[in-house]
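Good morning, and thank you for coming.

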Amino acid sequence: MRKPLVAALFALVIAGAGAAPAVAAPAPESAPAHSSASAVTADTGAPALKAVSLAGTVALSNCSGSVVRFPNSADTDPALVLSNGHCLETGFPEPGEVIVGQSSSRTFGLLNSAGTKVATLRASKVAYSTMTDTDITIYQLTSTYAAIRNSYGISALTVQNTHPTAGTAITVASGYWKKLYNCNVDGFVYRLKEGDWTWKDSVRYTSACNTIGGTSGSPVVDQATGKVVAVNNTGNEDGERCTVNNPCEVDASGNVTVRQGINYAEETYQIPACFTTGNKLNLAASGCVLPKP
């Protein structure tokens, strides 16, 4: 997560691009866009990506996100946007709090592959939001997948319904900054603790993904498949132990490890089982393990 806005701006000025985010300081609307090839080359020196671009990502007022669908979603279903729980416009959900069906008219800037805004999408409600065990907000939109594709030529990203694998080449695609970060899944964290919140089985990146404020909520995309395997959410900025903006890793025996400058994401493979026909949330569905209200 992130410090208050003024502190966040100051921290980014002092620390530079290595600062790890959660909620971001707003950038000018005219922030320069980066294509898939230029962003990845600039950040990591890796070859231009083919499977991953900024198409389908969205910019929120203070975070990133993406238009997502599940393996069983239909083109006629209302589209969904995935971001972080701590990006919720009404504030951070408390530990143990789960928000379902909350009214929302939040807007999202839809990007194409080059990072150009092509549309403004609008939410009809918060389908699901929590910072317990994971850090996700899922908005239901007023538009269907078919309407978005037919009007703007943009298809939703598919959320993978199986656990990600260590070593996988990934891209963190930030709609807020119109920028891609290229690295690998370094491993998985039994418990990631930050302030009062604890997340389970988090993804740890290799150091090349030096995400900054505003990348919170970005989809983490498997470069080989183009599917979403996690949602970017935090990183240890100052080397502190288990404090806000300084998450720590806790293993099954209770041992604590602090990795300053390393960033993390929350897995998303468990989400599809909780959405049934019509993209309707059903927390009682078979296989659904998301926290319940």
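I shall speak about the disulfides, then a cavity, and lastly one arginine. Please bear in mind throughout that this is a predicted model.

Let me begin with the disulfides. The structure holds four of them. How are the bonded cysteines of the protein chain paired, if we number them in sequence order? The pairing is 1-2, 3-4, 5-6, 7-8. I shall describe three of these links in turn.

The link I take up now is that of Cys63 and Cys87, whose sulfur atoms are 2.1 Å apart. This pair links distant parts of the chain, with the two cysteines 24 residues apart. Cys63 sits in the loop between strand 1, residues 57–59, and strand 2. Cys87 belongs to the loop between strand 3, residues 78–83, and strand 4, residues 98–103. Is this link left-handed or right-handed? With -85° about the S-S bond, the link of Cys63 and Cys87 is left-handed. Both cysteines are buried.

Next, please find Cys242 and Cys248. A disulfide joins Cys242 to Cys248, with an S to S distance of 1.9 Å. The angle about the S-S bond is 100°, and the link of Cys242 and Cys248 is right-handed. Why do we call these residues buried? Cys242 counts as buried because its relative accessibility is 14%, under the 20% limit for that class. Cys248 counts as buried because its relative accessibility is 0%.

The link between Cys274 and Cys288 has an S to S distance of 2.0 Å. With 100° about the S-S bond, the link of Cys274 and Cys288 is right-handed. Cys274 lies in the loop between strand 16, residues 263–267, and strand 17, residues 275–276, while Cys288 lies in the segment after strand 18, residues 280–281, so the pair ties together parts that are 14 residues apart in sequence. Cys274 is buried, with a relative accessible area of 0%. Cys288 counts as buried too, at 9% relative accessibility.

I turn now to the cavity. How many cavities of 30 Å³ or more does the structure hold? There is one. The volume of the largest cavity is about 60 Å³. Its lining is formed by Gly56, Val67, Arg69, Tyr145, Ile148, Arg149, Ile154, Ser155 and Ala156. Which element provides the largest share? Helix 3 does, with three residues. Sorted by class, the lining has five nonpolar, two polar and two charged residues.

Finally, I ask you to look at Arg259. Arg259 lies in the loop between strand 15, residues 256–257, and strand 16. Is Arg259 buried or partly exposed? Arg259 counts as partly exposed, because its relative accessibility is 31%, a value between the 20% limit for buried residues and the 50% limit for exposed ones. Leaving aside residues up to four places away in sequence, Arg259 touches Arg204, Asn236, Glu249 and Tyr264. One of these, Glu249, is ten residues from Arg259 along the chain, and the C-alpha atoms of the two are separated by 8.1 Å.

That concludes my presentation. Thank you for your attention.

Key. Residues are numbered from 1 along each chain as its sequence is written. This is a predicted model: local features need pLDDT of at least 70, side-chain atom pairs count only at pLDDT 80 or more; totals for chains, interfaces and linings use all residues. Side-chain values use heavy atoms; hydrogens and water are left out. On a 1 Å grid over the protein atoms alone, a cavity is a set of points where a 1.4 Å probe fits but cannot get out, and a pocket is an open set with protein on both sides within 12 Å along at least five of seven lines; lining residues have an atom within 4 Å of a point. Grid points are joined across faces, edges and corners, and a volume is the space filled by probe spheres set on the points. Helices (H or I, at least four residues) and strands (E, at least two) are DSSP runs, numbered from the N terminus. Ala, Val, Leu, Ile, Met, Phe, Trp, Tyr, Cys and Pro count as nonpolar, Asp, Glu, Lys and Arg as charged, and the others, Gly among them, as polar. A disulfide is a pair of cysteine sulfur atoms within 2.5 Å. Buried means under 20% relative accessible area, exposed over 50%, partly exposed in between (1.4 Å probe, protein chains only). Contact means heavy atoms within 4.5 Å.
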